[in-house]
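Colleague: I have not looked at this structure before. Please take me through it feature by feature, and tell me how to read each one.

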Amino acid sequence: METADRSVFALSPESPASGITLLRAVVDLDLATVGQGERELQAVLDRDPPCRTVIVEFAPSTFVCVRGLHLLVDFADRLNGTGGHLIACAPPWGLARMVEILEIRSDLTIVPSVHDAMRAALAER
């Protein structure tokens with residue numbers, strides 16, 4: 001599947017405050033999409049003014065393979081290096097299970113809902 005003309009993440013108009021970006025994963029994060037996803041997340045990092053918190057929302061049916069997990073963890077670490085924070089909300093079961101089994105210790109925070117993610121993002125300000 002070619003994703004060059006298809007977005008991996010959709011920017012939500014529901015971002016609650018300046019410096020907070022809400023993205024929705026609109027396709028699976030797998031081998032076919034991680035390259036495009038990387039470019040889209042890099043564009044978020046390159047914004048001016050910089051984004052302090054990025055929230056990524058998942059549909060329950062979204063598939064995330066280990067490469068997709070690596071994309072998220074790497075982005076979380078790079079965002080943290082700029083003083084920012086990545087919050088994954090409503091992660092699909094497979095993603096949450098990989099984080100648990102692999103004992104991922106990074107700057108990636110997982111919360112159950114967009115509401116919880118926005119509350120955490122606003123509390124960090």
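Modeller: Keep in mind that this is a predicted model. Glu103 sits in the loop between helix 3 and strand 5.

Colleague: What is the phi of Glu103 near?

Modeller: First the general idea: most residues other than glycine have a negative phi. Glu103 is not a glycine, yet its phi is positive, near 50 degrees. Ala90 also has a positive phi, of about 50 degrees, although it is not a glycine.

Colleague: Where is Ala90 placed, and how does Ala90 count in terms of accessibility?

Modeller: Ala90 belongs to the loop between strand 4 and helix 3. Its relative accessibility is 24%, so Ala90 counts as partly exposed.

Colleague: Thr62 is in a loop too. Is Thr62 buried or exposed?

Modeller: The class follows from the relative accessible area, and under 20% means buried. Thr62 has 8%, so it is buried. Its loop runs between strand 3 (53–57) and helix 2. Leaving out residues up to four places away in sequence, Thr62 touches Ala25, Val27, Asp28 and Pro92.

Colleague: In which sense do strand 4 and strand 5 pair?

Modeller: Strand 4 (residues 85–89) and strand 5 pair in the parallel sense, over four bridges. Leu86 stands opposite Leu108 in strand 5.

Colleague: What else does Leu86 touch?

Modeller: Not counting residues up to four places away in sequence, the contacts of Leu86 include Val54, Val56, Leu72, Phe75, Ala76 and Leu79, as well as Asp107, Leu108 and Thr109. Leu86 is also one of the residues with the most contacts inside the largest nonpolar core; the others are Phe9, Leu29, Val54, Phe58 and Leu95.

Colleague: How many residues does the largest nonpolar core have, and which helix gives the most to it?

Modeller: The largest core has 26 residues. Strand 2, helix 1, strand 3, helix 2, strand 4 and helix 3 each supply at least two residues of it. Helix 2 gives the most, with seven residues. Another core, of 10 residues, lies apart from it and includes Ile20, Ile87, Cys89 and Val114.

Colleague: Last, the helix pair. At what angle do the axes of helix 2 and helix 3 cross?

Modeller: A crossing is read from the distance between the axes and the angle. The axes of helix 2 (residues 66–81) and helix 3 (residues 93–101) come within 11 Å and cross at roughly 70 degrees. The range for roughly perpendicular is 65 to 115 degrees, so the two helices fall in that class.

Colleague: Which residues make the contact?

Modeller: Helix 2 contributes Val66, Leu69 and Leu72, and helix 3 contributes Leu95, Met98 and Val99. The contact residues divide into six nonpolar, no polar and no charged.

Note on methods:
Residues are numbered from 1 along each chain as its sequence is written. This is a predicted model: local features need pLDDT of at least 70, side-chain atom pairs count only at pLDDT 80 or more; totals for chains, interfaces and linings use all residues. Side-chain values use heavy atoms; hydrogens and water are left out. Axes are lines fitted to C-alpha atoms, for helices over the stretch in contact, and angles run from 0 to 180 degrees between N-to-C directions. Angles under 35 degrees count as roughly parallel, over 145 as roughly antiparallel, 65 to 115 as roughly perpendicular and the rest as oblique. Contact means heavy atoms within 4.5 Å. Ala, Val, Leu, Ile, Met, Phe, Trp, Tyr, Cys and Pro count as nonpolar, Asp, Glu, Lys and Arg as charged, and the others, Gly among them, as polar. Buried means under 20% relative accessible area, exposed over 50%, partly exposed in between (1.4 Å probe, protein chains only). Two strands pair if DSSP finds at least two bridges between them. A nonpolar core is a set of buried Ala, Val, Leu, Ile, Met, Phe, Trp, Tyr and Cys residues joined through side-chain atoms within 4.5 Å.
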